[in-house]
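The following note sets out several points for a colleague to consider while examining the structure. Each point may be checked against the sequence and the coordinates.

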Amino acid sequence: IKASTMAGRSSPADTKHGEIIKALTMADDGKKHTCNAVSTLRASVRQSYPEIDQLYSDAYIAAVLSVPNRTYEYARDQKIIGALEWRRSYAVDMLIAAFQYDDGAGGVFRLVDDTARIDNGNNPSDPSQSLVEVCLSGAFCFVGFDREGRGILHSQAALLNWWKTGVNDGIRYHILVIEHALRVMSEHKNNGERETIPESMVLYVDTSNLGLIPPPLGSLTGMATLLQRAYPDRIHRIHIGPVNIVLMKLYEFISPYLRPRSRDKISLMEDAPNEEQMGMAKNQTRQDQAREPRDNQNTTITADDEGTISGGTSYCPVPSAAAASSPVHKESK
């Protein structure tokens with residue numbers, strides 16, 4: 001009887017093995033389901049928006065579909081189609097074609113045709129003078145990748161005068177930088193430089209020397225629309241600092257315009273973001289490039305191939321931990 005009982009009983013090792021096989025099977029089924037959903041979504045959208053195949057990878061669409069409590073219809077209609085509609089309404093392709101990134105200057109975009117007619121900025125193919133000027137400011141830059149492989153966007157809020165630039169041109173400037181970042185991220189992935197590079201970015205906003213005059217309210221709502229509608233699920237986290245009373249008031253104003261998922265991504269910090277906190281990875285796309293010193297440029301701290309710190313020049317400096325006025329404090333949401 002004892003032998004018969006033992007023969008019909010599974011050992012702990014067999015039970016563990018069975019659980020692993022079951023988990024792997026469920027994971028495989030989940031991947032197949034997601035893959036089928038991606039293909040279905042892509043096919044349903046392609047007829048009206050053929051640019052989906054060029055703009056969105058399967059991995060990105062899968063990430064949009066995989067957000068907890070998000071239905072397939074919402075992901076397709078509000079996120080993917082909504083973003084494609086926004087791109088067309090803002091003539092993003094025409095905007096990109098009008099400017100080129102200057103590798104030698106760092107964070108600077110110049111007109112492709114210097115003789116292009118300058119108007120009031122209503123037509124993206126004829127950029128306004130204010131847009132041309134802000135594209136040379138380096139106020140908003142793609143600076144490379146963090147240790148997790150995510151792209152890093154670095155904003156120096158004090159360098160962008162929204163009142164002078166105007167809301168529309170300020171938004172267009174941010175579009176240029178984000179599109180450039182996505183292009184570089186795609187190139188790294190396609191070149192095999194990073195096998196599993198996340199298709200999302202981390203935004204660090206340095207509010208040092210921002211002053212007491214807040215930006216136009218339209219710039220805040222415009223940026224909220226940019227991040228939530230135009231580039232859904234592209235921003236992984238947003239770190240903002242140093243916090244002051246003006247910034248807190250701005251945050252209180254913009255919060256109702258942010259979805260809970262977007263609000264949860266924001267961290268307010270006591271100090272400005274620096275290189276150590278960003279977790280800058282080796283082989284940065286822009287900061288490792290040696291450049292000749294230029295007049296009126298700032299000196300920044302960059303990471304070389306060995307992970308050590310070396311000097312460099314850039315229009316978009318990222319402060320080092322040593323250069324920060326005080327240590328990084330624990331973040332608070």
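1. The structure is a predicted model. I begin with helix α5, which bends by about 35° at glycine 82. Gly82 itself belongs to the buried residues of α5, together with Ala75, Lys79, Ile80, Ile81, Ala83, Leu84, Trp86 and Arg87.

2. Does the length of α5 agree or disagree with its residue count? Helix α5 covers residues 72-89, and at 1.5 Å a residue its 18 residues should span 26 Å; the C-alpha atoms at its ends lie 24 Å apart, so the two values agree. Beyond the helix, α5 is followed by alanine 91, which has a positive phi, near 50°.

3. The same reasoning applies to helix α9, residues 167-190.

4. The largest pocket holds about 1,000 Å³ of space. Its lining comprises 46 residues, of which Val205, Ser219, Leu220, Met223 and Ile240 are the closest to the centre. By class, this lining divides into 30 nonpolar, nine polar and seven charged residues.

5. Which elements each supply at least two residues of the lining of the largest pocket? They are the strands β4 (151-156), β5 (201-206), β6 (235-241) and β7 (266-268), and the helices α8 (162-165), α10 (217-230), α11 (245-254) and α12 (260-263). The largest share, six residues, comes from α10.

6. The second largest pocket contains about 560 Å³ of space. It is lined by 22 residues, and those closest to its centre are Gln54, Leu55, Leu182, Arg183 and Ser186. Two or more lining residues come from each of α3 (52-55), α6 (92-98) and α9.

7. Which helix gives the most to the lining of the second largest pocket? Helix α9 does, with seven residues. The lining of the second largest pocket has nine nonpolar, four polar and nine charged residues, whereas the lining of the largest pocket has 30 nonpolar, nine polar and seven charged.

Conventions
Residues numbered from 1 in each chain as written. Predicted model: local features only at pLDDT ≥ 70, side-chain atom pairs only at ≥ 80, totals over all residues. Heavy atoms only, no water. Helix = DSSP H or I, 4+ residues; strand = E, 2+ residues; numbered from the N terminus. Expected span 1.5 Å × (residues − 1). Bend = angle between axes of the 7 residues up to and from the residue. Buried < 20%, exposed > 50% of the residue type's maximum accessible area, 1.4 Å probe, protein only. 1 Å grid on protein atoms, 1.4 Å probe; cavity = no way out; pocket = protein on both sides within 12 Å on 5 of 7 lines; lining within 4 Å. Points joined across faces, edges and corners; volume = space filled by probe spheres on them. Nonpolar A, V, L, I, M, F, W, Y, C, P; charged D, E, K, R; others polar.
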